[in-house]
Amino acid sequence: MSLNCNEINLILEELDLAGAFVQEIVQPSYDLLAFYTYKEGAAKTVVVCTAQNAVRINETRRKITKNDKPLRFMEFLKSHIKGCRINSCQQLGFERVIKMELSRMVPAEEKKANQQTVHISLVKKPVLSKEELAAQEEPAEIEENYILYIKLWNNAANVILCDTENTILEPMFRRPERGEVKGEKFEVEIKDITEAEALEKYPIREWGGVLGAEPLGKAFPSFNQFIDYHYSEQTSSLSRAALLEKAGKWYNTRHSKMEAALNNLLQKKERFENAASIKHEGDLILTYGHLITPDSKFLECEDYETGRTLRIMIDPKKSAQENAQEYYKNYKKALSGAVEIEHDIEIARTQLEKLEGQYAQICAEQNPVKIEQLLRRDTTPTQQKKKNHPGLDYTVNGWYILVGRDANENDELLRHHVRGDDLWLHVRDFPGGYVFIKAQKGKTVPLEILLDAANLAVHYSKARGDSKVDLYYTHVKYLRRAKNGPKGLVLPTQEKNLCVSPDKERLRKLEFLQN
C-alpha cells in the first residue's frame, strides 16, 4: 500500500523542507533515492521510494549505503541540484505529486561555459563611458532555478527534474508513453476536490501517534518514523521481511545445488578408491576369456582371490583382450582422477562454507537497503558482473594477476591498467595472451606466483598443448611498442627466460581464485 494524498501532506508538514539545503544525493538502487538535507542546525535524510506497493517519501534514520556503481540519475541530480536551497515543497492539490522548487548561485563563468551558446553580432558597438561599462558588467554569480517533481503514483512513480518552464531535464525513469522523457513538458491535471472530501475518501492510517492507537505494539513520535518502520520492516519488496524471504529462497536453491554437486564428487571419490577392483576385473577377463560366449553381455566366473562367483559386464563385439584393455584404461583414469577429485571436493566444500557465510551476513544485517544490495550482488550471474578492466583477474596470496586473452585485451591492459614496475609474461614463439603481475612496493614476486602467472600465459596461448613451454618476462617499463605493428604487439628488453611444464592442478586451483 502506497501513501495517499493526506498522508503525503502530513509527511511534508513534519519534514518542513522549505529553507533547507540539499547537501548530498545518494541512489542505492534503481527505485530508491535519498536526499541529505540541512536546515537551521538540523540534518535530515529524506528517502523517496518508487517500488511498487511501497511508493513513498519520508525521513529515515537508517544508514543509506551507496551503490557499487554510481547510477545515471543520481549523477545528474548531483551536477544540478546538489547545494541547492529548497524554496518550497508542497503537494499539487491532492494528486500525490510533490513540487519542490530549488535554487542555487553559481559562478557566472561556469554558467556561461555550460550554456555552450555562441552569439555573433555584426553590428558595430558604440563606444561606452566607464560608468556605462560598469553598469553592463556581468555579476560574479548567477542564480539557477529548478523544479523537482516527485510523482508518488503506484506502478507509475517517478522523480523528474525540470527547469522553471516545466521542460523535463532528466527523469528517473524514461517513459515515452507518458511524455516523461527529456525535452517534453511535464504537466499534472489537478482534480477539483475539497480537503474535507479528500480526508473522508483517503483517511490517514492509524500509526500509534496522535491520530490513534498502537497497531504495531509501539508508539511513534512522528508519522515519518511510523512510515519508515512500517515499509522497512513489514511491507513491500524492499522490506526486511520480504528481502529475508527472498534471501532464504536464494540460499536454499544454491545450497541444494552445491550440496548435490558435493555428493556427486564424494561418490566419484568412492568409485575412484575402488580402482584396484577395476584392474582385478580386467585380470579376470583375461584369465577366463575362454568362457565368453557370442552375444553374451556378461562374463560369469569364479574370483580366484575370494572364491565368489562374479558377473563382469563386457562388450560382446570385442575380444577378451579388448575388453580387458577397457578395464585397464578405466583403472588408469580412476588413479589420475583420485588425485584431482580431492581438490574438487575441497573447492566444493569451501564454496559451500562461503555461501553459508554470505547468508549469515544477510540475515544479521538490519538495514533493508544493505540487504537488498548484498542480495543483488550475490545473485547477479558472474557473466553479468561488470569489471573496470578487460580480461581475467586473480588474487593469489595477496598478489594480483591480470590476464589478457586476445590482442584487444592485451592492448587495453597495457595502455590503461598496468604500470612500469608491474611484471609482464608471454609465451615465446607462439601467439597468446599477456599476463601481468601487479607490483608490490618493496617486495619481489615469489616463485609460486611467477609459476601461477606462467601457467596462465601458457593456458591462454597456442602452446597450451605442449609438454614444455618457454616464456619470457620483464617489467612493463622495458616493453616497447612495435612501430606499425599489429595491435598490442610489443618488443621486450632486459627479459628473462622461464621454462615450465603446464600444470593442470595449478590451473584448477587458480580457477577457484578468479575474481
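Start at the hairpin of β5 and β6: 5 residues lie between the strands, and Gly 93 among the hairpin residues has a positive phi near 60°. This is a predicted model, so read every stop on the tour as a feature of a prediction.

**Stop 1**

Select residues 85-91 for β5 and 97-107 for β6. The two strands pair in the antiparallel sense, over 6 bridges.

Now select Arg 96, in the loop between β5 and β6. Arg 96 is not a glycine, yet its phi is positive, about 60°. Is Arg 96 buried, partly exposed or exposed? Its relative accessible area is 29%, so Arg 96 counts as partly exposed.

**Stop 2: Asp 16**

Go to the loop between α1 (5-15) and β1 (21-29) and select Asp 16. Here is another non-glycine residue with a positive phi, about 50° for Asp 16. Its relative accessibility is 42%, and therefore Asp 16 is classed as partly exposed.

**Stop 3**

Select 298-302 for β10 and 309-313 for β11. The strands run antiparallel and are joined by 5 bridges.

Which residues of β10 lie on its covered face? They are Leu 299 and Cys 301. Turn to the uncovered face and you find Phe 298, Glu 300 and Glu 302. In a regular strand, side chains alternate between the two faces of the sheet.

Between β10 and β11 there are 6 residues, and Gly 307 in this hairpin takes a positive phi near 85°.

**Stop 4**

Select residues 240-273 to show helix α7. How far does α7 reach from its first C-alpha to its last? The span is 48 Å over 34 residues, close to the 50 Å expected at 1.5 Å a residue.

Colour the buried residues of α7: Arg 240, Leu 243, Ala 247, Gly 248, Trp 250, Tyr 251, His 255, Met 258, Leu 262 and Leu 265. An α-helix has 3.6 residues a turn, so residues three or four places apart point the same way.

Move on to helix α8, residues 275-287. Its 13 residues should span 18 Å at 1.5 Å a residue, and the end C-alpha atoms are 19 Å apart, which agrees. Buried in α8 are Ala 275, Ile 278, His 280, Gly 282, Leu 284 and Ile 285.

**Stop 5**

Select Ser 232 in helix α6, residues 223-234. Ser 232 counts as buried because its relative accessibility is 4%, and the cut-off for buried is under 20%. Along the chain, Ser 232 and Arg 62 are 170 residues apart, but their C-alpha atoms are separated by 9.7 Å.

**Stop 6: the six-stranded sheet**

Show β12, β13, β15, β14, β16 and β19, in that order across the sheet. These 6 strands form an open sheet with antiparallel pairing. Which strands are at the edges? They are β12 (392-396) and β19 (496-500), each pairing on one side only. From one strand to the next, the twist averages 25°.

Zoom in on β16, residues 469-475, and its neighbour β19. They run antiparallel, with 5 bridges between them. Leu 471 has Leu 498 of β19 as its bridge partner.

**Stop 7: α12 against α13**

Select 447-459 for α12 and 504-513 for α13. The helices pack at an angle of about 95°, and their axes are 10 Å apart. That angle is why α12 counts as roughly perpendicular to α13. On the α12 side, show Glu 448, Leu 451, Asp 452, Asn 455, Leu 456 and His 459. On the α13 side, show Arg 506, Leu 507 and Leu 510. By class, this contact has 4 nonpolar, 2 polar and 3 charged residues.

**Last stop: the whole chain**

Zoom out. The chain holds 13 helices and 19 strands. Of its 515 residues, 42% are buried. Take the contacts between residues at least 6 apart in sequence: 60% of them join residues at least 24 apart.

Key:
Residues are numbered from 1 along each chain as its sequence is written. This is a predicted model: local features need pLDDT of at least 70, side-chain atom pairs count only at pLDDT 80 or more; totals for chains, interfaces and linings use all residues. Side-chain values use heavy atoms; hydrogens and water are left out. Buried means under 20% relative accessible area, exposed over 50%, partly exposed in between (1.4 Å probe, protein chains only). Helices (H or I, at least four residues) and strands (E, at least two) are DSSP runs, numbered from the N terminus. Two strands pair if DSSP finds at least two bridges between them. Axes are lines fitted to C-alpha atoms, for helices over the stretch in contact, and angles run from 0 to 180 degrees between N-to-C directions. Angles under 35 degrees count as roughly parallel, over 145 as roughly antiparallel, 65 to 115 as roughly perpendicular and the rest as oblique. Contact means heavy atoms within 4.5 Å. Ala, Val, Leu, Ile, Met, Phe, Trp, Tyr, Cys and Pro count as nonpolar, Asp, Glu, Lys and Arg as charged, and the others, Gly among them, as polar. The expected span of a helix is 1.5 Å times one less than its number of residues.
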